[in-house]
Amino acid sequence: MKLYHSRYILPALASFLVMATLPVWRGAAARGPGFQSPPNPQGQRCIEPKGVMRAGHMRLLMRWRDEAVREDRRLYIASDGRAWEKSLVKTCLACHRPAGAQGKSTTAATACNECHEYVNVRPDCWNCHYDSATASVKTMAGNAMAHAAASREEP
Amino acid sequence: MEIHRRTMLKISVLAALGLTRKHSLFAALASARPSDVLAPGAALKAGRWAMVIDMKKCLAAKDCPDACIRACHETHNVPDLGNKKDEVKWIWRESAGHLFPGQLDEYRGAELARQSVPALCNHCANPPCTRVCPTEATFKRADGIVVMDPHRCIGCRFCMAACPYGSRSFNWKDPRPYLRKINPEYPTRTKGVVEKCTFCSERLAQGRPPACVAACSYGALVFGDLKDEKSVVVKLLHENYSIRRKPELGTEPAVYYLV
C-alpha cells in the first residue's frame, strides 16, 4: 500500500492530533486543585466503602434527608452493621474535618467545595447546615454589622 | 450457535451491570437493615403529641425571663431581625385577648385579655397549612406533629396565608447574620423558606422533651401524649377547664390553655 502525498498528510495529521487534544494537555499542565479526597485526619473508615461513597454520597445524603426529616427514622445501619446517626454535620463532619487551620480551607464545607468546584457542582447544603469552624467568626462579624446597620436605619 | 450483534450487546450490558452491582450504593443500601430511631428505646413516641399551657402558673410568674422563648430560639437558630415586618418566631408572647378572640368575657376575661402568654404552632389535627402546601414541604406526622421540610419549601407562603394562628414566619433575608450564637447541631434556614415550631421533633428523637418545656422553671408548660390515658396532659385536661385558640375553625389545636 502506498500513501500518496505523505509529505503533506502526515504532518497535517500530526498537527490535527495535537490541536484536537490540546485541551487535555492544557488541563494537565494547569496546576489546579484537581481531584482531592475529602479530609479525614483521624483516618477512620467511612460508613460505606470508598467507591460507594465517592460515587453515591449525594444519593445516600438525600436518602438520609428524606428518612430523617419525613419519616423520623434517624439511625442508619451501614452495610457492615455499624450504626450511624443520619446527620451531615454530626456524622459526616465528625471525621471529614481538616486537621489544623492551615490556609483558607479550614472548614469541612470548603474542603467539600474543593472537589465540588473541580467537578463544577454547587450543592447548597451549607446555606442551612452549619459548619462551625470559621463560619462562627463570620457570623459574629456579620451580626455586629447587621446591628449597626439596623440602628443606623432606625430614625 | 451464532451470536448476533444485538445479543452480544445485551450480554455485555448485563455483565457490566452484574459487575458494578456488587460494589454499588444500591447493593449497600439493599443490605442495610431497616432503622427506626436514634437509640432504640430512647426516642419519645406518642399517639398524639400535645402541649398544655397553664396560664395561671404562667401569669403568676411575674419576673419570668421568657426562658421558653429564649431556649427555643437558641436551640433552633431563630434569628432576631429587630423589626416586626421581618420577624421570625417559633414561640412568642401574645396577649390573651389576641389569642382568644370572642372567648373572653368583658369582666374577669377583660383582665386576662390584657396579659400575655406564650403562643406557638398549634399542631392542629386538621392543619390548613399542610392542605395548601403545593410541595408537601409541610405535613402532619402520624404522631400529630406538623413539621416543616425546608429542603422542599419553595417559599410560596400559601401556608402562611392558610394558618389562622400566625404561627409561620418567612425568611425574607439570610438569617445567619442576625444570629448571636449558632447551635451547630441544628441547621439554620436560608433566605426564601418558611419556618415554624416543630414540637422539637429532633429532641424527641433523642428522648428529650421540647426545649421550651425543659426551660420553663415554673412548670407552666406540660408536654405529653393525648392518646395515653395516664399521661400528665390528659390528667390536667380532665381536672381543669381548658380553652384552645379559635376552636370555631375546626382545626383542633393540640395546644391547650388552662384558664
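1. In this predicted model, A71(B) counts as partly exposed because 19 C-beta neighbours lie inside 10 Å of it. A residue is called buried if 20 or more other C-beta atoms lie within that distance, and exposed if 12 or fewer do. A71(B) is placed in helix α4 of chain B, which covers residues 67–75.

2. The surroundings of A71(B) deserve attention. When neighbours within four places in sequence are left aside, A71(B) is in contact with A211(B), C212(B), A214(B) and A215(B). By comparison of another kind, A71(B) and L112(B) are 41 residues apart in sequence, and their C-alpha atoms are 25 Å apart in space.

3. Y218(B) belongs to the loop between α10 (211–215) and β8 (221–225) of chain B. Is this residue buried, exposed or partly exposed? Y218(B) counts as partly exposed, because 14 C-beta neighbours are found inside 10 Å.

4. Beyond neighbours within four places in sequence, the contacts of Y218(B) are K57(B), C58(B), A61(B) and C64(B).

5. In chain B, four strands form an open sheet in the order β8-β1-β10-β9, and the pairing is mixed. Strands β8 and β9 (242–243) of chain B stand at the edges with a single partner strand each, so one side of each has no neighbour in the sheet. In general, strands of a sheet pair through backbone hydrogen bonds, in either a parallel or an antiparallel sense.

6. The pairing of β1(B) with β8(B) may be examined in detail. Strand β1 of chain B, residues 49–54, pairs with β8(B) in the antiparallel sense over five bridges. Which residue of β8(B) stands opposite M51(B)? The residue is F223(B).

7. Helix α11 of chain B (residues 232–239) lies across β1, β8, β9 and β10 (255–258) of chain B, and runs at about 115° to β8(B).

8. Chain B is divided into domain 1 (1–32) and domain 2 (49–258). The C-alpha centres of these two domains of chain B lie 52 Å apart.

9. Chain A contains six helices and two strands. Read from the N terminus, its elements follow the order α-α-α-β-β-α-α-α. Chain A has 155 residues, of which 17% count as buried. Where contacts in chain A join residues at least 6 apart in sequence, 53% of them are between residues at least 24 apart.

Technical notes:
Residues are numbered from 1 along each chain as its sequence is written. Chains are lettered from A and ligands numbered from 1 in the order in which they are written. This is a predicted model: local features need pLDDT of at least 70, side-chain atom pairs count only at pLDDT 80 or more; totals for chains, interfaces and linings use all residues. Two residues are in contact if their C-beta atoms, placed from the backbone, lie within 7 Å. Domain bounds come from an automatic or database domain assignment. Two strands pair if DSSP finds at least two bridges between them. Axes are lines fitted to C-alpha atoms, for helices over the stretch in contact, and angles run from 0 to 180 degrees between N-to-C directions.
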